[in-house]
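Here are my comments on the model you sent, written as a set of numbered points. Please read them with the coordinates open.

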Amino acid sequence: MPEEGIELSPPSRLLTTPEIVYLSSLFVAQGVTKIRLTGGEPTVRKDIVPLMQSIGELRRNGLRELCLTTNGISLHRKLDAMAEAGLTGVNLSLDTLDPFQFQIMTRRKGFDAVMKSIDRILEMNKLGAGIKLKINCVVMRGLNDREIIPFIEMGRENPIEVRFIEYMPFDGNKWSQGKMVSYQEMLAIIREKYPALEKAADHKNDTSKTYQVPGFQGRIGFITSMTHNFCGTCNRLRITCDGNLKVCLFGNAEVSLRDIIRKENNGEPIDEETMKNLRLLESAANATEVPQREQELLDIIGMAVKRKKAKHAGMGELKNMKNRPMILIGG
C-alpha cells in the first residue's frame with residue numbers, strides 16, 4: 001500500500017461475487033485447473049469463505065487447485081473454514097522476520113498474527129490438510145537483504161517453500177534499481193552459508209527457480225522477473241478486481257471482461273438473482289456447445305492471450321511504464 005494510500009474504487013466498478021464465480025466457471029470449463037485469489041487482501045472480504053466454497057464446487061468440473069495470496073494477518077481465524085471450502089495452497093507475503101521492522105514496513109502491528117497463521121497451516125498439515133505453504137519475500141537492499149539466511153532457516157524443520165522475489169517497479173512503490181538484489185547475488189549469499197545448496201527440478205510452467213539445502217524439509221525459490229524473465233513459459237492469466245484481463249503482470253494492456261458480462265444487464269452489476277435469471281453458470285459450464293454470450297468472452301480472452309509477448313519490457317523500460325500500483329491489480 002503506497003504511504004499516501006490509494007483512491008478506493010467505487011463498489012459498482014468491482015466484480016461482484018456472482019461475476020467472479022461465473023468467470024471461474026467459464027475458465028474451468030475451458031481447461032483451467034488452478035485458481036488463485038489475490039489482493040489487496042482477500043481475507044478482508046466479508047464473503048471470502050462463501051466465495052471460496054462456490055469456486056471449490058468447480059472441482060467436479062475439473063478444478064484441481066484453489067489458492068490464496070495473503071498477508072496472513074487475519075488468515076488464522078478463517079483457515080479451518082477455507083480448508084473445508086477446498087483451499088489447497090497459501091502464498092503468504094512476508095518481507096521480514098523482525099517484529100519491529102515488520103511494523104515499519106507494513107505500517108501496522110500484526111507480526112504475531114502472521115506467525116500464528118503459519119503455525120496453524122503447519123499444524124493442519126500434520127493432520128492431513130495438504131495445504132502447500134509458500135512464503136513470498138521481496139528482497140530489498142539495505143532493508144531486509146540481511147534476512148535471507150533466517151528466512152531459509154524456516155524450512156529446516158518444516159516443509160515451507162520460501163520464495164525470494166526480485167524487487168519490481170510498480171506505481172507508488174518507490175522503485176530504484178539500487179534497491180534490487182538479483183537472484184544471482186542472493187544465491188551467492190546462500191552458497192556462502194550452505195555450499196551444498198542444490199538445484200531442484202522445476203515444472204516447465206513454474207515462475208520460480210527452485211533450490212534445496214540437503215537435509216532441510218523446505219525448499220527455496222527465486223522469482224527472477226527483473227534479471228531472468230520467464231514470460232515464454234508463463235501460463236498465468238490475471239483478472240483484476242475490477243474485471244480487466246491482464247495477460248502479463250507488467251503489461252499495461254488490459255481488456256474489460258466485466259463490461260461484456262454486464263451487457264445483458266444494462267451495464268449494471270450482476271447479483272445472485274440476475275445470475276440465476278440469465279442462467280450464467282449453466283452457460284459457462286457448457287464446454288461442448290458454447291453459447292454466443294460466452295463465445296464473445298472467449299474470443300476476447302483468446303485474442304488477448306495471442307497478443308501476449310514472449311518477453312516483457314526490460315528493467316530500463318519497466319521503470320518508466322505506467323502500470324497500476326500492485327494493490328490495485330489484485331485479482
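Predicted model: local features only at pLDDT ≥ 70, side-chain atom pairs only at ≥ 80, totals over all residues.

1. Residues are numbered from 1 along each chain as its sequence is written, and side-chain values use heavy atoms, with hydrogens and water left out.

2. The structure holds 6 aromatic pairs (rings of Phe, Tyr and Trp, the last by its six-membered ring, with centres within 6.5 Å; planes under 30 degrees apart are stacked, over 60 edge-to-face, the rest tilted). One of them joins Phe-151 and Phe-164 edge-to-face, at 6.3 Å centre to centre and 90° between the planes. Because Phe-151 lies in helix α6 (residues 148–153) and Phe-164 in strand β5 (residues 161–166), this pair ties together parts that are 13 residues apart in sequence; helices (H or I, at least four residues) and strands (E, at least two) are DSSP runs, numbered from the N terminus. Both Phe-151 and Phe-164 are buried, that is, under 20% relative accessible area, where over 50% would be exposed and anything in between partly exposed (1.4 Å probe, protein chains only).

3. The ring centres of Tyr-211 and Phe-222 lie 5.6 Å apart with the planes at 80°, so this pair is edge-to-face. It links strand β7 (residues 209–212), which holds Tyr-211, to strand β8 (residues 219–223), which holds Phe-222, across 11 residues, and Tyr-211 and Phe-222 are buried. Together with Phe-151, Phe-164 and Tyr-183, these two residues form one aromatic cluster.

4. The structure holds 16 salt bridges (a side-chain nitrogen of Lys or Arg within 4 Å of a carboxyl oxygen of Asp or Glu). Among them, Glu-19 meets Arg-262 at 2.8 Å, N to O; since Glu-19 belongs to helix α1 (residues 17–29) and Arg-262 to the loop between α8 (258–261) and α9 (272–277), the pair ties together parts 243 residues apart in sequence. Glu-19 counts as buried at 1% relative accessibility, as does Arg-262 at 3%.

5. Glu-153 and Arg-156 also form a salt bridge, at 2.9 Å, N to O; Glu-153 is partly exposed at 28%, and Arg-156 is partly exposed at 36%.
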